[in-house]
Amino acid sequence: MAQAGQDAKFFTRGKIEEFRADLHAADAKDKKFVKRKTVLKKIVANITMGNDMSPLFTDVVQSLGTPLLEIKKMVYLFLVSYGRSAKPEQINMVIPFFLQDVNDRNPLIRALAIRTMSYIPIPVVTDALTESLRHCLRDRDPYVRKTAAICVAKLYAADPRRAEKGGFVEMLRDLMLDANATVVANAVAALSEIGDRPDGVIFKLNLTAANKLLSALDESSEWGQIYIMDSLLRFVPERHSDAEIMAERIVVQLQHANSAVVLTTIKILLYLMNYMENRRLIEYLCKKMGPPLVALLSSGPEVQYVALRNILLIIQRRPAVLKNDVKVFFCKYNDPIYVKLAKLEIMYRLARAENCREVLAELQEYASEVDVDFVRKAVRSIGRLAIKVEPGADGCIQTLLELIEAGLAYVVQEAVIVIKDIFRRYPGKYEGIIPKLCEHLDSLDEPESKAAIVWIIGQFADRIDNADDLLEVLVDTFLEESVEVQLALLTATVKLFIYKSKSEKAKELVHKILKWATEEVDNPDLRDRGFMYWRMLAINPTLAGEIVLAEKPPITTDSDRMDRGALDQLLLHTGTLGSIYHKNPETFIRNAAGRALTDSPALNPNSRAVLVHLPRPQIPGPPGLAPTDSLIPGEDAAPAPPLPPRRNPAPQDSHTDDDDVGDDSDNDAETAQNRNDDPYSNLDSAFSTYLADEPKPMGAGAHRGRNDDDLLF
């Protein structure tokens with residue numbers, strides 16, 4: 001703190017002429033370089049403040065001849081800031097100093113020089129860097145080697161052809177076998193960065209190289225461990241045993257104190273599970289992943305949110321990980337709203353018959369909160385819970401009725417919306433509560449809730465004695481309503497007429513609304529529907545009744561789960577920004593590399609059925625090493641072994657399925673082609689809504705061929 005307080009005096013805006021004069025004065029009489037150090041600190045402080053210090057380039061560079069390491073650091077920092085925009089003659093002044101420092105006795109100075117050169121992607125500097133970098137990659141000091149490894153990635157970014165032609169990528173491959181764990185981690189990081197470039201070489205690992213990397217794991221720093229484990233995504237197990245042995249070796253990292261290491265470990269375990277067949281081991285790994293994820297919730301709200309967004313993905317793919325820990329996600333009074341909303345969605349995902357009563361009681365408590373948005377989401381979650389867990393539907397309906405009786409307008413509106421879906425989920429079971437809903441008709445002023453009550457009145461017009469009176473009140477404002485309500489009113493009035501075709505009021509209403517819909521309204525959807533109804537009723541009213549009142553399929557919230565293929569992709573980005581947005585990075589980051597599971601004989605059939613293939617651009621490279629060459633330490637690049645022919649997996653029971661515990665295991669063969677065409681079709685939002693609020697029809701064959709052992713539908 002004392003040093004920070006002393007350095008604060010340097011952060012004052014200075015003039016270029018004053019700094020230049022001070023540097024020249026320091027040249028004359030400054031044997032211990034105290035004055036020069038002070039001036040350079042002021043210059044660096046001004047750079048930090050955003051002031052342009054580039055006119056001092058020539059004067060500052062003269063200080064590189066000073067043997068003091070602290071001064072060299074500040075000069076190199078200056079060069080990193082202004083080296084790219086410097087004039088050619090200015091850069092030529094610096095090159096001799098670079099070459100001198102690269103051969104210095106002090107490894108810190110050697111590393112500092114090579115790192116600064118890599119930050120200046122100018123041809124003249126790159127020419128000088130090439131030979132020096134080659135020597136530094138073989139330097140006797142590990143600090144220099146690990147710095148040089150990162151510099152190779154920067155050289156590749158500046159001039160890929162030079163890096164490949166000079167053999168630097170192969171030298172990085174050799175560094176992966178280095179005795180120093182930090183050097184290994186940096187070499188892996190550099191190769192990963194090169195491999196993620198669209199014009200880079202394909203970086204793959206074989207079993208031997210992956211095992212050698214794991215040997216360096218314990219001696220690496222936290223970030224080194226992350227780099228090494230992240231590179232294991234480039235290892236594709238050819239046998240089930242390979243994936244199982246590797247998972248057993250890294251599962252101990254779940255006990256790490258660093259949350260990034262924990263999330264990376266979980267990512268690799270989830271990846272390897274796709275290639276396992278030992279169900280006991282999968283059960284064990286799922287149990288081991290639960291406590292570290294729960295421990296992340298004791299951190300600050302920001303870390304909690306990151307953990308919750310990742311958990312939301314994990315439990316969709318592996319519900320067994322946290323199926324008994326729903327209480328952990330109950331909201332606290334001081335949680336920020338974004339944490340509460342994330343917890344709310346996870347509670348719903350983990351709800352099942354065994355814990356439905358506890359979840360419902362908690363949601364009912366949330367419905368009395370002061371935050372309106374949170375209350376709305378809680379009420380909607382109660383309705384979704386009723387649709388998802390049939391044994392708890394009675395309790396959910398009773399809770400919704402109690403909330404409606406409280407009379408809060410926004411609560412009533414959300415309750416009406418979800419009750420409409422409950423009527424469709426359980427036809428003929430809860431229609432007795434319709435009179436209570438109609439009592440609150442006047443308090444509904446939002447389009448979605450209005451459309452819901454109109455649908456209820458129209459659908460059950462034969463059971464509501466005064467349905468024509470209720471619709472008459474609503475029809476009076478037809479032209480002022482939103483399109484959503486207008487469409488609902490049109491259909492409901494036609495249903496009323498079909499149910500009560502002899503009623504004069506029903507005839508009057510349907511004639512009035514059809515005339516408005518076809519003559520007064522500009523919306524083409526509404527106008528076309530009006531013409532369609534009018535013609536059907538005029539030509540054959542009986543057939544119109546069969547069409548409009550046709551039996552509707554029951555609905556389920558099963559469709560709000562993410563697509564299996566897209567989910568497998570997203571889980572490969574666990575612990576990254578993509579896992580927070582719930583979008584693949586290539587959809588929102590330019591030139592980001594996509595990830596997907598790779599086919600192999602060990603890949604389980606259900607994952608293979610929805611496999612997403614990523615196109616890779618073919619960019620011509622230099623002779624000897626094409627951009628698509630794969631770099632596998634320990635062996636030359638070779639064509640991949642032939643894969644077994646893809647076939648649709650036959651339905652099988654939970655004891656013989658190669659897929660894992662907690663897996664959704666949908667037999668998606670029928671829709672695999674569509675998913676391959678558009679793997680992101682279900683990923684429409686990043687932060688907008690946590691709830692897929694619109695339940696979808698459940699087809700007759702929706703559960704055909706599924707392994708539902710551990711699913712939370």
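I take a residue as buried when its relative accessible area is under 20%, and I keep in mind throughout that I am reading a predicted model.

**Aromatic pairs.** With that cut-off I looked up two tyrosines, and Tyr-426 is buried, as is Tyr-430. I then counted the ring pairs whose centres lie within 6.5 Å, and the count came to eleven aromatic pairs. In one of them, Tyr-366 and Phe-374, the ring centres are 5.2 Å apart and the planes stand at 45°, so I noted the pair as tilted. Tyr-366 has a relative accessible area of 3% and is therefore buried, and Phe-374, at 1%, counts as buried too. Tyr-426 and Tyr-430 also form a pair, which is edge-to-face, with 6.0 Å from centre to centre and 85° between the planes. I found one aromatic cluster made up of Phe-57, Phe-78 and Tyr-82.

**Charges over Tyr-348.** I looked at what lies over this ring and found Arg-384 over its face, at 3.8 Å from the ring centre, and the charged end of Lys-388 at 4.8 Å from the centre.

**Helix 29.** I traced this helix over residues 524-539, and at its N-terminal end I found Asn-523 as the cap, with a side-chain oxygen 3.0 Å from the backbone nitrogen of Asp-525. Within the helix I listed Leu-526, Gly-530, Tyr-533, Met-536 and Leu-537 as buried; they cover an arc of only 135° around the axis, and so they fall on the same side of helix 29. The buried residues pack against helix 27, helix 28 and helix 30, whereas Arg-535, Ala-538 and Ile-539 are exposed on the other side.

Conventions: Residues are numbered from 1 along each chain as its sequence is written. This is a predicted model: local features need pLDDT of at least 70, side-chain atom pairs count only at pLDDT 80 or more; totals for chains, interfaces and linings use all residues. Side-chain values use heavy atoms; hydrogens and water are left out. Helices (H or I, at least four residues) and strands (E, at least two) are DSSP runs, numbered from the N terminus. The expected span of a helix is 1.5 Å times one less than its number of residues. Buried means under 20% relative accessible area, exposed over 50%, partly exposed in between (1.4 Å probe, protein chains only). The arc is that of the directions from the helix axis to the C-beta atoms. Contact means heavy atoms within 4.5 Å. A polar contact is a pair of N or O atoms within 3.5 Å; within protein, one must be able to donate a hydrogen and the other to accept it, and residues adjacent in sequence count only if both atoms are side-chain atoms. Rings of Phe, Tyr and Trp (its six-membered ring) pair if their centres lie within 6.5 Å; planes under 30 degrees apart count as stacked, over 60 as edge-to-face and the rest as tilted. A charge sits over a ring if NZ of Lys or CZ of Arg is within 6 Å of the ring centre and within 35 degrees of the ring normal.
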